[in-house]
Amino acid sequence: MTTHTSVTGTARMNFAKAAPKVFRALVGFDAAAREGLDPTLVELIQIRASHLNRCAYCLHMHTNDARKAGETEERLHMVPVWREARHFFTDKEQAALALTEAVTLVADGGVPDEIYGEAAAHFDDQELAHVLSLILTINTWNRVALSTGKVAGTDERA
């Protein structure tokens, strides 16, 4: 059995090697979700979900990806407090961030009609389906990383 060591020193499985078909399916789902979406918006969504899920591994990876996509340090620092710093984000980005929070924290009260409606006002049905799919994939990736003990600062993508 192939394992790696988590932050706590506990040996855990390498998910990609232990379940390669599942891993490839997740990679495919993630790639399909991103299609047609602005790369900066993709990273903002992934960063916000990773904050909420406290996934340091994914947060580190996606802040780096955001920088590579041209995102500014100023905006990256404002993502966790976007509601208090709305002027840093477009209305469309704010709608996506609100939807990201509602879907990520769905157990806290579902996805309120007003949040869904605001997102639907900024995205056509296809875009909205892709945004929702992206939110679902990053939440899945966060849970994979957290449960398998991925270490922030490493990036195991090939």
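## Leu 132 and its surroundings

Apart from neighbours within four places in sequence, Leu 132 is in contact with Leu 99, Val 103 and Tyr 116, where contact means heavy atoms within 4.5 Å. Leu 132 lies in helix α8; helices (H or I, at least four residues) and strands (E, at least two) are DSSP runs, numbered from the N terminus. With a relative accessibility of 25%, Leu 132 counts as partly exposed. On this scale, buried means under 20% relative accessible area, exposed over 50%, and partly exposed in between (1.4 Å probe, protein chains only). Leu 132 and Ala 33 are 99 residues apart in sequence, and their C-alpha atoms are 8.1 Å apart in space.

## Basis of the model

This is a predicted model, in which local features need pLDDT of at least 70 and side-chain atom pairs count only at pLDDT 80 or more, while totals for chains, interfaces and linings use all residues. Residues are numbered from 1 along each chain as its sequence is written, and side-chain values use heavy atoms, with hydrogens and water left out.

## Overall make-up

The chain has eight helices and two strands. Read from the N terminus, the order of elements is β-β-α-α-α-α-α-α-α-α. The chain has 158 residues, of which 42% count as buried. Among contacts in the chain with a separation of 6 or more, 63% are between residues 24 or more positions apart.

## Helix α3 against helix α8

The axes of helix α3 (residues 39-53) and helix α8 (residues 125-147) come within 9 Å and cross at roughly 45 degrees. Axes are lines fitted to C-alpha atoms, for helices over the stretch in contact, and angles run from 0 to 180 degrees between N-to-C directions. The crossing of α3 past α8 is right-handed; a crossing is right-handed if the near helix is turned clockwise from the far one by less than a right angle, and left-handed if anticlockwise.

On the α3 side, the contact is made by Val 42, Ile 45, Gln 46, Ala 49, Ser 50 and Asn 53. The α8 side contributes Val 131, Leu 134, Ile 135, Ile 138, Asn 139, Asn 142, Arg 143 and Leu 146. By class, the residues of the contact of α3 with α8 are eight nonpolar, five polar and one charged. Ala, Val, Leu, Ile, Met, Phe, Trp, Tyr, Cys and Pro count as nonpolar, Asp, Glu, Lys and Arg as charged, and the others, Gly among them, as polar.

Asn 139 is found in helix α8 and, at 8% relative accessibility, counts as buried. Not counting residues up to four places away in sequence, Asn 139 touches Ala 49, Asn 53 and Thr 104.

## Helix α4 against helix α8

Helix α4 (residues 56-68) packs on α8 at an angle of about 125 degrees, with the axes 8 Å apart. That angle makes α4 oblique to α8. Tyr 57, Cys 58 and His 62 of α4 meet Ile 138, Trp 141, Asn 142 and Ala 145 of α8. The contact of α4 with α8 has five nonpolar, two polar and no charged residues.

In the loop between α3 and α4 lies Arg 54. Arg 54 has a positive phi of about 60 degrees although it is not a glycine. The relative accessibility of Arg 54 is 73%, so this residue counts as exposed.

## The aromatic pair

A search of the whole structure finds one aromatic pair. The rings of Phe 23 and Trp 141 have their centres 5.5 Å apart and their planes at 70 degrees, so the pair is edge-to-face. Rings of Phe, Tyr and Trp (its six-membered ring) pair if their centres lie within 6.5 Å; planes under 30 degrees apart count as stacked, over 60 as edge-to-face and the rest as tilted.

The pair links distant parts of the chain: Phe 23 is in helix α2 (residues 20-34) and Trp 141 in helix α8, 118 residues apart. Phe 23 is partly exposed, with a relative accessible area of 27%, whereas Trp 141 is buried, at 18%.

## Leu 76

Leu 76 is found in helix α5 (residues 73-78) and counts as buried at 8% relative accessibility. Leaving aside neighbours within four places in sequence, the contacts of Leu 76 are Ile 47, Thr 63, Ala 66, Arg 67 and Glu 71. The C-alpha atoms of Leu 76 and Phe 88, twelve residues apart along the chain, are separated by 9.8 Å.

Technical notes. Angles under 35 degrees count as roughly parallel, over 145 as roughly antiparallel, 65 to 115 as roughly perpendicular and the rest as oblique.
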